[in-house]
Amino acid sequence: MFADRDEAGRELALRLHAMRDQAPVVLALPRGGVPVAAPVAEALNAPLDLMLVRKIGVPGHSELAVGAIAGPDGQTIVTNPDVARMEGLNEHDIEQLAVAERAELRRRQALYLKGRAPISLAGRTVILVDDGIATGATARAALLEIRRSTPKRIVLAVPVASTESVAVLRPLADEIVCLSILQMFYAVGAHYRDFPQVDDAEVIQILASHQHWAGPQQT
């Protein structure tokens, strides 16, 4: 049980401290992953950037992911076949559901990045941070999108995750650092005493205050 996302990020930073010498790039999954990633980036003296992703939720049950998209235009898409089968959704249905999520992804990109170019990941150690992983759909899309940028190494770092999601994601990352891997997993928020919604303003404030956001390592 973590007090809040900041505490989880500080504990995660302790586990990742040995990577400081690798000059990593820290990528956060917005919105909830940003307050976790900020203390990690600070501790590792690393630039902080975003990996924009959107969950594709089941109609009427948006928290249940039938898939996810990642990348500036949502060009990377993954699906959860078990959920699709259970809900009677085919590939065309999922693509239709993705339309609204692509629009939201573009809105966030314009709002959060304000025209800034993303940090180049080519040849770099990339640490992808979120506040936790339940189904793993968004993390899976993010990892596949990051791999397209030819990084040297990808590390997925989260405070808490389900055993099943870690097994699914392990082949997509060079390393997974997770403080707590649980067989019985209900929701990410159940592992935090204080787990408020992270809004756009908080994301913007964290990015603006991070000392490396507009630094020379950004290209």
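Predicted model: local features only at pLDDT ≥ 70, side-chain atom pairs only at ≥ 80, totals over all residues.
1. Helix 1 (residues 5–16) packs against helix 2 (residues 34–43) at an angle of about 35 degrees, and their axes are 7 Å apart. Helix 1 passes helix 2 in a right-handed crossing. On the helix 1 side the contact includes Arg 5, Asp 6, Ala 8, Gly 9 and Arg 10; Pro 35, Val 36 and Pro 39 are among the residues of helix 2 that take part. By class, this contact has 9 nonpolar, 1 polar and 3 charged residues.

2. Helix 4 (residues 91–113) and helix 7 (residues 200–209) pack with their axes 9 Å apart, at an angle of about 40 degrees. Helix 4 is therefore oblique to helix 7. The crossing of helix 4 past helix 7 is right-handed. Arg 107, Leu 111 and Tyr 112 of helix 4 meet Asp 200, Val 203, Ile 204 and Leu 207 of helix 7. The residues of this contact divide into 5 nonpolar, no polar and 2 charged.

3. There are 2 aromatic pairs in the structure. In one of them, Phe 2 and Tyr 192 are tilted, at 5.5 Å centre to centre with 40 degrees between the planes. This pair links distant parts of the chain, 190 residues apart: Phe 2 lies in the segment before helix 1, and Tyr 192 in the loop between strand 8 (175–182) and helix 7. Both Phe 2 and Tyr 192 are buried.

4. Tyr 192 also forms a tilted pair with Phe 195, at 5.0 Å centre to centre and 35 degrees between the planes. Tyr 192 has a relative accessible area of 4%, so it counts as buried. Phe 195, at 30%, is partly exposed. Phe 2, Tyr 192 and Phe 195 form one aromatic cluster.

Terms used: Residues numbered from 1 in each chain as written. Heavy atoms only, no water. Axes fitted to C-alpha atoms, helices over the stretch in contact; angles between N-to-C directions. Helix = DSSP H or I, 4+ residues; strand = E, 2+ residues; numbered from the N terminus. Parallel < 35°, antiparallel > 145°, perpendicular 65-115°, else oblique. Left-handed = near helix turned anticlockwise from the far one by under 90°. Contact = heavy atoms within 4.5 Å. Nonpolar A, V, L, I, M, F, W, Y, C, P; charged D, E, K, R; others polar. Phe/Tyr/Trp six-rings, centres within 6.5 Å; stacked < 30°, edge-to-face > 60°. Buried < 20%, exposed > 50% of the residue type's maximum accessible area, 1.4 Å probe, protein only.
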